[in-house]
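Here is a friendly briefing to read alongside a protein model. Take a look at the structure first, then follow the topics one by one.

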Amino acid sequence: MKKFRLPAFNNANRKVHCSGYQIIKAAFQHTGDFKELEFKRDNTTLLFCFLETLISEEKFKEYLLIPLLLEDFKRTPEELESLNGKKVDNPEELISGILNGGNVLFLCERDEAWLFSFPKDLQRSIQEPVNEGVVRGPHDGFVENLDTNISQLRFRIKSPDFKVKYHELGNKTKTKTAVIYMKGIADEKLVEEVERRLSFISTDMILSPGYIEEFIEDDPFSLFPQLINTERPDRAMANLMEGRIIIIGEGSPTALILPVTFFAFYQSSDDYNSRWIPSTFIRMLRYVSFLIAITLPAFYIAIIAYHLEVIPHELILPLKGSVEGIPYPPLLEAFFMEITIELIREAGVRLPKPIGQTIGIVGGLVIGDAVVSAGLISNIMIVIVALTAISAFVVPSNEMSTSVRLIRFPLMVLASILGFVGLTFGLIFVFIKLCKLESFGVPYFSPLAPLQVRDLKDTFLRLPLWKMDERPRNSLAVNVKRQRDSRGWKTNEPR
């Protein structure tokens, strides 16, 4: 069978008298991939207009062009609707359809315009997110296709209460964005507030949820992130079921979760896929790593500069031998090593993966050994900086990890000026900021400030799942009850 081929496209100026055609022609003037295709059938002129870079040529030929050219096809409204066509009278809607991979058919003698959709499939396969790997649990992740991401959530939540509201953001990009929530669990006022903030976004370009985050967060000048970014459908689903809201945009595999608290950034999917005792231990380890990451370099600087008396006698000589001969104060020493670590990290991220890993390992070993041998950095400083860097990367959230790395620099400066007093004042300021900050009306440091004892069961500890019979208050859920006593079987008589 001879392969069917599209006729040569003809973009010559046509004198077509059909509603909307001249507007579309003017809108896509000087656009090289805008194509027109004209046929004559039964005294009817069929004129197709589309962007060849957005439509699937195979689908267009198989599902529209070939049926229309058949002799027994009369092109009545019923027959066109059978081909999933939609009659459109608004030229702006036709332009929007073309930009979304649509094909406009003009029936010139009838003065009708029909819109068909045959977008190209540009979707990559579903894979586990690189930045959010887990030991146990599902290993799939969001992709750049919005419909696929929503289908992954619907696959997990088979309920009519799963609601999706679409928005178009970006005056030029027209990025399709979905606001997702569970009706009857999420607070409707919170949904309205999210949509209100989205409606105030007026910019030409929205490329990813990262753009949306900066427009709608409560305090854009805070170091702490106020929305969680995730590429894991299971994490997004769990937050939906707690009453939170998800924002997903076309063209990005990242979903935004709101409202959130500080402690939500230290929770991982593995916490709920493992038994509660080891999960609690790992979670406590993360909180300890937070304190180490922000205070250890400053604590070391304060001791060396002001408070040598707190060091045990057994450590004074080794410490004195390590720092003796360093030609500059501890603050410059710490800054030099911290900046070096950040440079190695950034180089490892930007370079190709095999080279990046080599740069990270070899660069760290070579530089560390060289600066100690040259007498520029003490051995103890190498240990302090290495432990600090490892602690910063324990955080499951990359955004919070970045914030933690930035906080330690001003604390180091304060410790070098006032010692333990400066470090104490710096920590007080950090925790005051955490208590003052909000995420969509939710106190950022809850359930500690304000204190909500019932929600502590999933904060520092991760109690057994059958103990978590209520949703956290900081999710603003209107339906607080989540489950009945799932251990009720223990009260039954033995079989």
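Which residue forms a salt bridge with Arg 197? The partner is Glu 193, with the closest N and O atoms 2.7 Å apart. Please keep in mind that this is a predicted model, where local features need pLDDT of at least 70 and side-chain atom pairs count only at pLDDT 80 or more, while totals for chains, interfaces and linings use all residues. Residues are numbered from 1 along each chain as its sequence is written, and side-chain values use heavy atoms, leaving out hydrogens and water.

**Salt bridges**

- The structure holds 29 salt bridges (a side-chain nitrogen of Lys or Arg within 4 Å of a carboxyl oxygen of Asp or Glu).
- Both Arg 197 and Glu 193 sit in helix α6, residues 188–199 (helices are DSSP runs of H or I with at least four residues, strands are runs of E with at least two, and both are numbered from the N terminus).
- These two residues are 4 residues apart, about one turn of the helix.

- Strands of a sheet pair through backbone hydrogen bonds, either parallel or antiparallel.
- Strand β2 (residues 44–51) is joined to strand β4 (residues 102–107) by 4 bridges, and Phe 48 has Leu 105 in β4 as its bridge partner.

- Another open sheet has 5 strands in the order β6-β7-β9-β10-β8, and its pairing is antiparallel.
- Here the edge strands are β6 and β8 (228–230), each pairing on one side only.
- Neighbouring strands of this sheet are turned by 25 degrees against each other on average, direction ignored.
- Strands β6 (residues 162–169) and β7 (residues 175–182) run antiparallel and are joined by 8 bridges; Glu 168 has Lys 176 in β7 as its bridge partner.
- β6 and β7 form a hairpin with 5 residues between them, and Gly 170 in the turn has a positive phi of about 100 degrees.
- β8 pairs with strand β10 (residues 255–258) over 3 bridges, where Thr 230 stands opposite Ala 255.

**Helix α10 and its neighbours**

- Two packed helices are described by the angle between their axes and the distance between the axes.
- Helix α10 (residues 276–305) packs with helix α16 (residues 420–436) at about 160 degrees, their axes 9 Å apart.
- α10 and α16 are therefore roughly antiparallel to each other (a word used for angles over 145 degrees).
- In this contact (heavy atoms within 4.5 Å), residues of α10 including Ile 294 and Phe 299 meet Phe 420, Leu 423 and Leu 427 in α16.
- α10 also packs with helix α14 (residues 379–392), at about 155 degrees and with axes 8 Å apart.
- α10 and α14 are therefore roughly antiparallel to each other as well.
- Among the residues making this contact are Leu 296 and Tyr 300 of α10 and Ile 384 and Leu 387 of α14.

How values were computed
Pairing = 2+ DSSP bridges. Axes fitted to C-alpha atoms, helices over the stretch in contact; angles between N-to-C directions. Parallel < 35°, antiparallel > 145°, perpendicular 65-115°, else oblique.
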